[in-house]
Amino acid sequence: MKNMLTIISNALCRITGRNVGAQTVSELLIDLSEYVNVTSPVSAPALAQAQAQRQPPKPPPVSTRAPAAQLVSAQTDQLDTPGTRVVVSRSFADFTSQATFDIKKCDVHRLEEGPPLKAELTRDQGLQYYRVMQTVRRMELKADQLYKQKIIRGFCHLYDGQEACAVGIEAAINPSDHLITAYRAHGYTYTRGIAIKEILAELTGRRGGVAKGKGGSMHMYAPHFYGGNGIVGAQIPLGAGIALACQYQGNNQVCVALYGDGAANQGQLFESFNMAALWKLPCIFTCENNQYGMGTSVERASASTDYYKRGDFIPGIRVDGMDVLCVREAFKFAAEHCRSGKGPIVIELKTYRYHGHSMSDPGVSYRTREEIQEVRSKSDPITMLKERMLSNNMASVEEFKEIDIAIRKEVEEAAQYATSDPEPPLEELCNHIFSNDSPLDVRGTNPWARLKSVS
Amino acid sequence: MAASVRCFLRSGKNALSALGRRGFHKSAPAAVQMMVRDALNQAMDEELERDERVFLLGEEVAQYDGAYKVSRGLWKKYGDKRIIDTPITEMGFAGIAVGAAMAGLRPICEFMTFNFSMQAIDQIINSAAKTYYMSAGFQSVPIVFRGPNGASAGVAAQHSQCFAAWYAHCPGLKVVSPWNAEDAKGLLKSAIRDDNPVVFLENELMYGVPFEMSEESQSKDFTIPIGKAKVERQGTHVSLVSHSRYVSHCLDAAVVLAKEGIECEVINLRTIRPLDVECIETSVMKTNHLVTVEGGWPQFGVGAEICARIMEGPAFNYLDAPATRVTGVDIPMPYAKILEDNSLPQIKDIIFSVKKTLNV
């Protein structure tokens, strides 16, 4: 059995491209669960009194690469009590399994028609989007807490408020598509498949971090996820280049290249727009317009705040970035546009961040607390989805509560890991300078310090 | 320059055919002569053919056959997909090249001259060089940035800067500076096959210079390892360490000095980073004297680094005199010929410095 597990684990390492070998059975299962499309084989709706534990039903993941963390707890539950499932006070059959919602019409630029005005949502999808958004929210708030305790240091740019963007995009594209973003990247690192604990451990600078503690907040990577980039705007030509590779290789994949309203004025964006349009690269240029570039509002930074039109000769769509369904439909539309060979497209997501630019910015010197409060109460993406589902009888209040509790626990455990995992060993200081190279000597701080570097 | 050409053409040999050795012939086999630009062209052609992930992008590389004709014929042979003309947007296309490398291709990004690479330097350093480290070995960037570096002839200040020192400063980059045609071919092939970002510094004045190509170098699998210097001329009295065009100057100076009984060992660095310190140390421990020669500015340059490294290593105890640097003059490059000629190391400067170092 152990042999077989080793074989499978090695195969998975190759698939994932991660250099991590499963050391224990539970770690292997974590890897496995990332790749196995676990659908919940809901047995016959169980009656409350027959169950020993209360748990919400486990819906299938958004994509086959659902974040491992949320599947872990379910997986161990399955091991504990195989066969027992679903346990809420109302049976599964009571809920509406699918509903159609009206979504806001998008402003379009150089397009005959935009994304559809209606979005279908299944109960399973809804719960999944809720789960992922709530996980990102809680993870970011945990990072806030750890930063204030000085356990996280340096830069920390938090994503809470913008969850619908990351989740909506991931719901619309395939795991085999590509994504690159700027420094507000923790949410995308999660949706692109990295476990919470690896993200938090990277923030706390430990060896279990996704970049082994060498990257930090702004430099986390995953298969088909190119970070995490610290230089404002630099990720956009990179994204266009990734799209070029997709076109070159003829693999029908697209690249989503994200930037903010601050980066939208960078020259290299326009250089990228030009080449992407010229060569019809399958690139979805996406402006996450959260109204403020650090402390500067969009009106004070941009001569034109119609970011979806800034691609000029490139078609554009302006989307309500607080509505996960709106985002999803827009990206389905955009991905189809790119895949059909029409070239690039620009999407502007109107969204909002609750935190300041980074942890060193209180976020209230250039905007009012009332404004923040208003967005929270009227447009919070997680609340909006929850209310939609509740009012359409797609889920129960208890279910959401259970999910919240489970996520809180998960994030807490991840934080535990992130604070207790040891720091990277000093022997590895100089490693990873070059790929696939013979070991080399690296000069240390003084001439007698000859350090070793391996690939 | 004519002098260096004479130095390297072996008189009386048939320069056109490449024949194998024949046991019954007493003379050495005929060698092929090739200009540096053709060697570069051949290197790219062979690598494009060998690996379909390799492609070339840059200004005028395709339909114009290359601003300096280095990519002549490649577009005709490989087409639009593999040889891409870009608009004049260095930051944009360098970034696109880096992104393509991250996503599995193996781009060659040409800068018309390295002066223009300054527009794109953030992509070279922050997006290419540092990424493998930041990602703890997850994301590699197999890319070559190539183009002419350093002074040309009469192109003035904004088009004459040498970037060897700037790029060689940065961990995560390999910086290569070939001198002759064989260097150009072997090192470019190695650079393209390398899984890391390589800055490949050519020299416009060397493009049209023909050199003999050894038989070995005519193979499609001929590569020269990055990180190893070559002793071009054995000597006993002084080590002349140089890279790119100034290797020719050193060899010419060596000929003149030999008439006065001074035997110079001439080292062609070939790679700036990682520097082959051991080769230099071995030489200095033999000759006890060191003179570095480069076209770049003196402050914080290649020669400065070599001197510091020699001081920190075993060779210091073998020096009979302080090491000397021969460099470009510490000014922006002027235009007028007389001024330009006197802004760069000349053979007489090398001879003068050697004699000063040897105290003769």
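Begin by selecting B:D183 and B:R270 in this predicted model. The side chains of B:D183 and B:R270 form a salt bridge, with a distance of 2.7 Å from N to O.

Next, colour the two domains of chain B. Select residues 33-218 for domain 1 and residues 230-358 for domain 2. The centres of these two domains, taken over C-alpha atoms, lie 26 Å apart.

Now turn to the boundary between domain 1 and domain 2 of chain B. How many salt bridges does the rule find across this interface? The rule finds one salt bridge there. Polar contacts may be displayed as the following step: twelve residue pairs, with both residues at pLDDT 80 or more, are in polar contact across the interface of domain 1 and domain 2 of chain B.

Then select three elements of chain B: α7 (164-168), β6 (174-176) and α8 (181-193). Each of these elements supplies at least two residues of the side of domain 1 that touches domain 2. Colour that side of domain 1 by residue class: 19 of its residues are nonpolar, seven are polar and two are charged.

To view both sides together, display the residues in contact: 28 from domain 1 of chain B and 24 from domain 2 of chain B.

Finally, select B:G154, B:S177 and B:W179. Within domain 1 of chain B, these residues lose the most area to domain 2 of chain B. Together, B:G154, B:S177 and B:W179 account for 27% of what the domain 1 side buries.

Key: Residues numbered from 1 in each chain as written. Chains lettered and ligands numbered in written order. Predicted model: local features only at pLDDT ≥ 70, side-chain atom pairs only at ≥ 80, totals over all residues. Heavy atoms only, no water. Domains from an automatic or database assignment. Contact = heavy atoms within 4.5 Å. Buried area = accessible area lost by both parts, 1.4 Å probe. Salt bridge = Lys/Arg side-chain N within 4 Å of Asp/Glu carboxyl O. Polar contact = N/O pair within 3.5 Å; in protein donor to acceptor, adjacent residues only side chain to side chain. Helix = DSSP H or I, 4+ residues; strand = E, 2+ residues; numbered from the N terminus. Nonpolar A, V, L, I, M, F, W, Y, C, P; charged D, E, K, R; others polar.
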